[in-house]
Amino acid sequence: MSKHHITTTINGEPVEFLCEPQETLLDVLRNTLNLTGSKEGCASGDCGACSVICDGKLICSCLMLGVEAEGHNIVTVEGIATGDELHPVQRKFLEHAALQCGFCTPGLIVASKALLDETLNPTEEEARYWLAGNLCRCTGYDKIIRAVMDAAAEMRGEARAA
Amino acid sequence: MNYIVSKPELKVVGTRPVRPDGVDKVTGRATFGADMVLPGMLWGKVKRSPHAHARIVKIDTSKAEKLPGVKAVITAGDLPNIASEEAFVGEGPMNFRDLSRNCIARDKVLYEGHAVAAVAAISQAVADQALDLIDVQYEVLPHVIDVEEAMKPDAPNLHDDLFTANVEPKPTKPSNISKRVYFAKGDIEAGFRDADVVVEGRYTTAPVHQAYIEPHACLVAVAADGQAQVYSSSQGQFMVRAYCAKLLGWDISNIRAVPLEIGGGFGGKTLVYLEPLALALAQKSGRPVKMQMTREEVFRASGPTSGSVIEVRIGAKRDGTIVAAKEVLKYQAGAFPGSPIGPGCMCGFAMYDLPNVEVIGYDVVSNRPKVAAYRAPGAPMSSFAVESALDDLARKLGMDPVTLREKNGAHDGTKTHYGPTHREIGFLQTLAAAKNSEHWKMPLKPGQGRGIACGFWFNIGGESSGAVHINEDGTATVVSGNPDIGGSRASMAMMAAEVLCLPVEKVRPVVGDTTSIGFSHMTGGSRVTFATGMAVTQAAERVVEQLKQRAAQIWEISPEAVDWRDGNAYPAGSNAGAFEPLSLAEIALRAGKTGGPISSEVSINAQGAGPGFGVHICDVEVDRETGAVTILRYTAVQDVGKAIHPSYVEGQIQGGAAQGIGWALNEEYIYDAQGRMENPGFLDYRVPVASDLPLIEAIMVEVPNPRHPFGARGVGEVPIIPPMAAVGNAIRDAIGIRLTDLPMSPPKVRAALDAEALPQAAE
Amino acid sequence: MPRVIFSGSAAGRFTGGRTELEVAATTFRRLVKELDERFPGLGRQVEDGMAVAIDGVIYQDAYAAPLAEGAEIYLIPKIAGG
């Protein structure tokens, strides 16, 4: 099979790549572009470890083909921080110890940022349902939810939530 | 030195610094098994059996070998044929013949998903095509999955040479029961005769998987002279090295195993699946080989834990004193012997002071993947049964369930039913903390139910090495050999920093590969903070001794006249001399002149790990229409000895509880009539998601373990043990029905509610 | 003399079902050698497959562990973790 030439934007930069038609965006990110921050946990859209933001919408990159990225705007975990300045959600994950093995963390960081792009005032329930597509096996989600609620509070300009 | 006794105010241990590997993890920079690349690498893939039980008649790999882009194909013949050999390598006895045959089948396939061949090719797509070109002829055999079915004398036998051990007379006919285990204390018959009240129960649990989010992955390279590198995610790089050396017949010194970050293990990565195959392919092809499992392969071909059938019988006096306790456990081992039946038999009653006990256990093979360890292996199933029965007992006696447990609770000096006497344990303190918790005191609303359950785990110590190196600028590096699955490298840095009297940011921890640090047993068994922490602490103490000696040289006094505190050397009293304190940095700068690099590596076999106890409280609401159970509130109380880094101790408690809740409510292996797994994916193998759980309160009780310098006990495994019975007891409280079959999923709850609606005999 | 009790039945096939005996030994290493002399093969089983509790404290490997005069020694199945 011959490869397709794709032009897209990833983390704000123009990117070109060649890919086979059956390759997913996740395959391309990891194996062609060396952006290994997005992880493969299931390749069937059930675990969220491959979460990226496409044109402002949270998606599983394992459910999008590489060829479908043509002309779109993709944000991966590598694009969440600005240079060496971490996004509030990244800082709060560290402060609250909201990660153990860290494998689900990139997906959760992206998904949490997408939530906070939608609303800076989620309830705990809204945060839990938003993040229900990101599986974590280590933490039981407790510290993750606390970190997300605290990041929201900081971004609202309030004092640190409990 | 024992810091709990001698140093009342700890500056670092017990605080919550940001973990040193954290920034890499939140930015996606951390390197996990599948993230590694090497120039020229090939992709490896595995051909797997579609049958649950079959003889391999013929494997024809010729067409696959000819496919352009395929560089190597292997079958079992490419690995040495190992005679049955039990050896203690790593945490437990491992039969290398069985491990080899589990990695790649020889003569027979024993479960759907069993590996029969592997290929290495220039791309994943070509490798997949090559698998389709491998022609395997099978003679399908009858299979057996269910544990009691497998125990029947006429069940299809998996192994012609497996005879039940520990039964008299010695059997002559092969069996699927690999061994019988027996523990007894006192006189069980007399105990039951003496009882006023007896409760009984039969409990069944489905096999569940550790379900780490990261599938198994590795990248290996073998040079022409046989020296090999293995980059993999595992719970122990020394285990990877040893097992690969054994399975391939290579010298251990020819393998360098590098631990990459690991995306969850929980016991499931305490052995090898892909690495020996990748090494054989790399050797044959002359190129590096990368392999990773798909999620489906993880479920079909890597070890879940045992499903079980457990019968419990408990007898007590009117006043709640338990006088007799009997448990019969049947555990599935999967395709090869080795279920955690021993610990299962030991843990169920371990937290109680009982005069008469009998426990019988059976390890049974059946046509499903070989089981692997899963967080406190064997204990969760046993405690589901015992803690549910105790709940029934409390109800029958009209007694509060906590009071029943307090009355019979183990304490310092209690003799267990499996023999050893408990010393300095924290069970009663943990029960007291549960009873005094906000949760326990909070009243329930109508329709809600509350359950409480307990758990015990031994925790282990074992071989560990730790090194502390002082850098030329007075900062320090700590090297240890245990993959960090829960934040342990932060704890290593904290303990070293405490001893050196340095701020924790000046002490950077590293997890070394097999060439960079002395031998360490795997990460597991709740041992790292205890054993590796002990090694690191001792190394730091030896470094402090060296620092004092160097200061003594500089001051020209005796080393006994030097004190070390706040990161400085001080003359010990005015007699020693009026010297200005020397900082660590100042001493480090002159290390070369005073004798050379300041460094210490300690290798130990840590003994005396203290056991842990957990008590969990769970509130539920049951939707009678759908059978769905909502966890309203959950509190997990545990004695942790001393929380070195409290956030990560809480994390272990919360994470273990969440896994236990999944085990209780939704997780199970579902098989079809051909013995194939029907739900090998996260959609239908339902682990808890964020919206399934409330915040989980972790209450840490600190009863220090006197055998660890900072009083630490292992904490990782205990929290998965109580949840199933805590949830089951809460459901019993909410709807008046005792569920005895895990998982307690909506269809089962509904079926139980429907059955209750029919006319039935009184309870 | 230290008293040795086998728990769990794995030793039965070496000791002919006997579960308790007294052994003259001051270290665990000597104890294992004595057991192997009395019941050939038992030494390996104890070393590789069993953990030992000496007066209540569990050891997984313990050649040098000292045994007091009346020490109570339980040999139980080796414990692995997850």
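Here is a short chat about a pocket and a chain contact in this predicted model.

Colleague: Hi! What volume does the second largest pocket have?
Modeller: Its volume comes to about 1000 Å³.

Colleague: And which residues are closest to its centre?
Modeller: Those are A:Glu23, A:Asp27, A:Asn31, B:Gln124 and B:Ala125, out of 36 residues that line the second largest pocket.

Colleague: Which elements give two or more residues to that lining?
Modeller: From chain A there are β2 (13-19) and α1 (25-32), and from chain B there are β1 (42-48), α5 (124-133) and β14 (289-292).

Colleague: How does the lining split by class?
Modeller: The lining of the second largest pocket has 15 nonpolar residues, 11 polar ones and 10 charged ones.

Colleague: Okay, new topic: how many residues does the contact take from chain C and from chain B?
Modeller: Chain C brings 24 residues and chain B brings 35. Between them, about 2400 Å² is buried, with carbon and sulfur atoms giving 57% of that area.

Colleague: How many salt bridges are there between chain C and chain B?
Modeller: The count is 1 salt bridge. B:Lys415 pairs with C:Glu72 there, and their closest N and O atoms are 3.5 Å apart.

Colleague: Which element gives the most to the side of chain C that touches chain B?
Modeller: That's β5(C), with 4 residues. The elements supplying at least two residues each are α3 (42-49), β4 (57-59) and β5 (72-77) of chain C. By class, this side of chain C divides into 10 nonpolar, 7 polar and 7 charged residues.

Methods: Residues numbered from 1 in each chain as written. Chains lettered and ligands numbered in written order. Predicted model: local features only at pLDDT ≥ 70, side-chain atom pairs only at ≥ 80, totals over all residues. Heavy atoms only, no water. 1 Å grid on protein atoms, 1.4 Å probe; cavity = no way out; pocket = protein on both sides within 12 Å on 5 of 7 lines; lining within 4 Å. Points joined across faces, edges and corners; volume = space filled by probe spheres on them. Nonpolar A, V, L, I, M, F, W, Y, C, P; charged D, E, K, R; others polar. Contact = heavy atoms within 4.5 Å. Buried area = accessible area lost by both parts, 1.4 Å probe. Salt bridge = Lys/Arg side-chain N within 4 Å of Asp/Glu carboxyl O.
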